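Morning, everyone. Please take a moment with the sequence and the 3D view, and then I'll walk you through some of the details.

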Amino acid sequence: MNVTETKAEGLSREFAVAVPAAEFEARITGRLEELAVNIRLPGFRPGKVSVSLLRQRYGDALKGEILEQTINESANEIMSERGLRVAEQPKIEITAFEDGSDLEFKMAVEVMPEIEQPDFSKIKLGRLHAEPGEEQIEGTIESLAKAHATSAPIARKRKAKEGDIAVIDFVGRVDGEEFVGGKVEGYHLVLGSGSFIPGFEDQVIGTSPGDSTEVKVTFPEEYGAQELAGKEAVFDVTVQELRETTPNPLDEELAKKFGAETMDQLRQSIRDEHARELKGMARMRLKRDLLDRLAEVSDFEVPQGMVGREYVSIIGQLKQQTQAAGGHDHDHDHDHDHDHDHAAPDIDVSDEDKAEYRSIAERRVRLGLLLAEVGRTNNLQVGQDDINQAIMTEARRYPGQEQAVLEYFKNNPESVQAVTAPIFEDKVVDFILELADVEDREVSVEDLVRDPDEEAEAEQAAKAKPKAKGGAKKKTAGSGKKTKKDSPAADE
């Protein structure tokens, strides 16, 4: 095999490879001889089929198999001999492949960068700590009491108002025809809750028990049932009864509904739950600050193929979020981005946003490579116990379907990577935090939950305000849009 390196720029490497015709022919012959031992053909005893006959019958089919095998083995040999750690699968272009001639192909590949790990002991961070306040605990108890409130019929005769529970029968029609799910009797509708189609509850307010009314509404364009989305509908509504909620008293009976014997026990349970949530938020804040510091002190070239894939992933997430929020793509032609054969999904993105999302993609890739290198050089690994615990945690998120979730992971081994990557990342983060200069700080709950991005934008906006009276306000870069610097392995 003759190999010529034709390009070595940054992380990009390209090679011209020639496999002699004799070597390729020897591979074909060797494979045919293997077949001759075991293949059965009518009229021939086992092991007695000639290689020439097999070549006549199966030669063309074997060429494809041997071609792929030769290229893969050649590529692996090239990378192994040169000690290349590749970032992704090589790109192969066959330039010559004729009977009796050498096999020639080009191979392009991106290699992993040399990653110099920063001095983690010089990274200064603050680990925030906040205790839940009594007002939060009492507010939670009041919310629980309200959420589990009972209702009673309104004794005096009056018209329905916001906050009442209207017990109604209704039949909905579109173009004069009833539609599936549009007929219900005895439905308890909380007026003002916004749980029905916009405009429906407003037209029930002001009615009295025994009234029949016609409610006209238009289904939202993003309504779940496609056949109803954007359609005008008419509902015949009969009000059977009006009820009002009766708040639960804050006593032992309420406590027992939530597994506590006394109100003090319920308060302590809520306090412990709030403390766990705040601890989790503090952990996320510390991790985010660490990643920000690592991004600031790390400056090495990253494989653009990996950046391209991450960029496409970001745009895909953006499109999903836009669709979930009821947004729609425009009908005009979109500006498609093509990056290393990874085409971005069809969505409108301004040039300014493209640059920002690509910057985020590069940040994610760089952090991911750095954390992977720290884990590799320090032999940090994810154990089977860690994976089992993560899978069980995931299963508990689906009460009643735990066994189905466990079966899914069992039958789809590749899905285990989705839970393994965040565990590995957290192990590396914990390792770095042990080395970093971390100062514990007591803060208020408000300071802990405040979004650092919003703080930074507020500071930028304040600095950008003109001093001259009547001057135009300067719009800071990124204002009106929040950018999430995501964790390399998983969204936070």
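**Rings, strands and a helix pair**

Aromatic pairs first: the count comes to 12. The rule is that rings of Phe, Tyr and Trp (its six-membered ring) pair if their centres lie within 6.5 Å; planes under 30 degrees apart count as stacked, over 60 as edge-to-face and the rest as tilted.

A word on the source. This is a predicted model, where local features need pLDDT of at least 70 and side-chain atom pairs count only at pLDDT 80 or more, while totals for chains, interfaces and linings use all residues. Residues are numbered from 1 along each chain as its sequence is written, and side-chain values use heavy atoms, with hydrogens and water left out.

Back to the rings. Take phenylalanine 196 and phenylalanine 200. They make an edge-to-face pair, 4.9 Å centre to centre, with 70° between the planes. Buried or exposed? Both phenylalanine 196 and phenylalanine 200 are buried. Buried means under 20% relative accessible area, exposed over 50%, and partly exposed in between (1.4 Å probe, protein chains only).

Next, phenylalanine 219 and tyrosine 223. This pair is tilted: 4.7 Å centre to centre, 55° between the planes. Phenylalanine 219 has 2% relative accessibility, so it counts as buried. Tyrosine 223 has 33%, so it counts as partly exposed.

Ring pairs also build a cluster: Phe170, Phe179, Tyr187, Phe196, Phe200, Phe219, Tyr223 and Phe235.

Phe170 takes us to the strands. Phenylalanine 170 stands opposite valine 237 in S10. Helices (H or I, at least four residues) and strands (E, at least two) are DSSP runs, numbered from the N terminus. Two strands pair if DSSP finds at least two bridges between them.

Which strands pair with S10 (residues 232-246)?

- S6 (residues 150-153) runs antiparallel to S10, joined by four bridges. Threonine 150 stands opposite threonine 246.
- S7 (residues 165-174) pairs with S10 in the antiparallel sense, over nine bridges.
- S9 (residues 212-218) is antiparallel to S10 too, over seven bridges. Serine 212 stands opposite threonine 238.

Last, two helices. H6 (residues 263-297) and H11 (residues 416-435) pack at about 75°, their axes 11 Å apart. Axes are lines fitted to C-alpha atoms, for helices over the stretch in contact, and angles run from 0 to 180 degrees between N-to-C directions. H6 and H11 are therefore roughly perpendicular; that term covers 65 to 115 degrees, with under 35 roughly parallel, over 145 roughly antiparallel and the rest oblique.
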